[in-house]
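I opened my notebook beside this chain today and looked up a handful of things. Here is what I wrote down, in the order I looked.

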Amino acid sequence: MCQLFGVCAKDSCELNQYLNRFFAHSTEHPHGWGLAFLENNEAQIEKEPIQASKSHYLKQRLSVPVWGKNVFAHIRYATIGNVEYRNCHPYTGKDAGGRRWTLVHNGTIFDYPPLNGYVELQKGDTDSERILLYLIHRIDEEEKRLERKMNEKERFQLLDRIIMEMSRENKLNLMIYDGELFYVHTNCAKSLYLLREEERVIFSTVPLDEKDWQPVPFTTLLAYKQGDLVFTGTNHGNEYIENEENLKFLYSIFSDL
């Protein structure tokens with residue numbers, strides 16, 4: 001599977017040490033890398049469909065100080081979708097109201113029929129891109145129903161309901177940014193950790209040093225803002241556990257990449 005890294009901070013901070021350690025894991029996750037620097041409604045995204053440790057661009061990028069306030073990083077181990085640029089994370093898009101949404105995902109959607117309608121709309125082949133398209137569509141539907149834009153709490157409550165539905169029988173480790181809130185979710189044990197430091201919180205699939213990393217609260221959507229936890233969702237209890245059927249599915253998909 002893929003690996004995720006994220007930072008939500010009050011102020012912009014230098015991230016080279018953590019990014020270098022994170023991207024060093026790309027020998028086991030060689031199918032692409034991505035970075036997103038997120039500020040208000042803007043997303044600066046850099047990515048390539050090659051192993052991060054073999055990227056000349058990324059090597060140069062990390063040779064100078066890299067600063068960010070809300071940041072995603074991703075290294076890909078392909079399960080669904082070929083190894084190409086359009087299948088690299090992060091994914092980003094705007095809703096009908098002009099709000100930008102950006103997503104990184106670690107996992108696989110084995111069974112969630114509402115995503116099937118987005119196969120013809122997506123640019124790539126991944127289930128992760130379909131998740132983003134679906135979230136944006138649900139936001140558009142709700143704001144059309146309300147005849148106004150939703151506030152932070154309303155957006156969080158809608159995503160909480162969506163994540164609760166989608167996490168049944170599916171691996172759904174993800175981070176999402178909507179220009180104001182930094183959403184985090186995991187439903188697979190020991191696959192996402194957080195480190196609280198002064199005025200920032202750092203997330204990673206695996207701890208990146210010997211500091212006091214803690215597991216991200218399980219099967220519960222969280223939302224952060226400027227490094228602080230501002231919303232906690234429903235503990236839905238939909239834990240993802242690998243089983244033989246899912247492993248066979250992944251093997252059959254991966255063998256075709």
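My entries start with the whole chain and then go residue by residue.

**Ground rules**

I am reading a predicted model, in which local features need pLDDT of at least 70, side-chain atom pairs count only at pLDDT 80 or more, and totals for chains, interfaces and linings use all residues. I number residues from 1 along each chain as its sequence is written, and side-chain values use heavy atoms, with hydrogens and water left out.

**Confidence**

I checked pLDDT, the predictor's confidence in each residue, from 0 to 100. The protein chain averages 93, and 93% of the residues score at least 70. Residues 250-257 stay under 50, and the model gives this stretch 15 contacts beyond four places in sequence. By contact I mean heavy atoms within 4.5 Å. Where pLDDT is low, the predicted coordinates should not be read in detail.

**The whole chain**

I found five helices and 13 strands in the protein chain. These are DSSP runs numbered from the N terminus, with helices being H or I of at least four residues and strands being E of at least two. The radius of gyration is 17 Å, close to the 18 Å from the globule rule for 257 residues, so the chain is as compact as a globular protein of that length. That radius is taken over C-alpha atoms, and the rule is 2.2 Å times the number of residues to the power 0.38. Along its principal axes, the C-alpha trace spans about 50 × 45 × 30 Å.

I also looked at how the chain packs. Of its 257 residues, 55% count as buried. My classes are buried under 20% relative accessible area, exposed over 50%, and partly exposed in between, using a 1.4 Å probe and protein chains only. Among contacts with a separation of 6 or more, 68% are between residues 24 or more positions apart.

For the surface, I noted an accessible area of about 11800 Å², with 49% of it belonging to carbon and sulfur atoms. Such areas come from the Shrake-Rupley method with a 1.4 Å probe, and for residues only the protein chains shown count as cover.

**A residue on the inside: L58**

I next went to L58, which sits in helix α2 (residues 56-61). Is L58 buried or exposed? L58 is buried, with a relative accessible area of 2%. Beyond its neighbours within four places in sequence, L58 contacts F23, W33, L35 and A52. I also took the C-alpha separation of L58 and N20, which are 38 residues apart along the chain: 9.8 Å.

S53 lies in the loop between β3 (42-48) and α2. I find S53 partly exposed, at a relative accessible area of 45%. Setting aside residues up to four places away in sequence, S53 touches S26 and T27.

**From D11 to E199**

D11 belongs to strand β1 (residues 3-14), and at 46% relative accessibility D11 is partly exposed. Which residues does D11 touch, not counting those up to four places away in sequence? I listed G68, K69 and E199.

E199 is partly exposed at 42% relative accessibility. Phi of E199 is near 60°, a positive value in a residue other than glycine.

R196 is in strand β9 (residues 193-197). I have R196 down as exposed, with a relative accessible area of 52%. Apart from neighbours within four places in sequence, R196 is in contact with V201 and Y224. S167 is 29 residues from R196 in sequence, and their C-alpha atoms are 26 Å apart.

K190 is in the loop between β8 (182-185) and β9. K190 is exposed, at 74% relative accessible area. Its phi is positive, about 55°, although K190 is not a glycine.

Which form does the peptide bond from H89 to P90 take, cis or trans? I found it cis, with omega near 0°. P90 is in the loop between β4 (67-75) and β5 (91-94).
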